[in-house]
Amino acid sequence: MSVGRGDRAAPPAPEGQWEVRFADAAAAKGWESLGRQAGSNTYRAWITMRTDPRPAAEAPRHHRLKGSLAHGTHRGQTCEQ
């Protein structure tokens, strides 16, 4: 079965954590490819997205998206990405 838009990126998140879902089929394929190339880093990224998707401060390897990628629309509401 192929994964696509709206599907979870992993098992259900525990209580109090965010669910990570794919925006489209290309994101799902990219996530799978990334997992094969850098498994431990992909796992750490997944944990970070579930527990603290918007950290208060930028880190050397964690930056806010810029330009047209800085905001997206979800259910008619504009949100930071």
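**Note on R50 and its chain**

1. R50 is found in helix α2, residues 39–51. Helices here are DSSP runs of H or I with at least four residues, strands are runs of E with at least two, and both are numbered from the N terminus. The model is predicted: local features need pLDDT of at least 70, side-chain atom pairs count only at pLDDT 80 or more, and totals for chains, interfaces and linings use all residues. Residues are numbered from 1 along each chain as its sequence is written, and side-chain values use heavy atoms, with hydrogens and water left out.

2. Which residues does R50 contact, leaving aside its neighbours within four places in sequence? They are A13, P14, Q17, W18 and V20, where contact means heavy atoms within 4.5 Å.

3. The chain has two helices and two strands, in the order α-α-β-β along the sequence. Its C-alpha trace spans about 30 × 30 × 30 Å along the principal axes.

4. Of the 81 residues of the chain, 15% count as buried. Among contacts between residues at least 6 apart in sequence, 23% join residues at least 24 apart.

Notes:
Buried means under 20% relative accessible area, exposed over 50%, partly exposed in between (1.4 Å probe, protein chains only).
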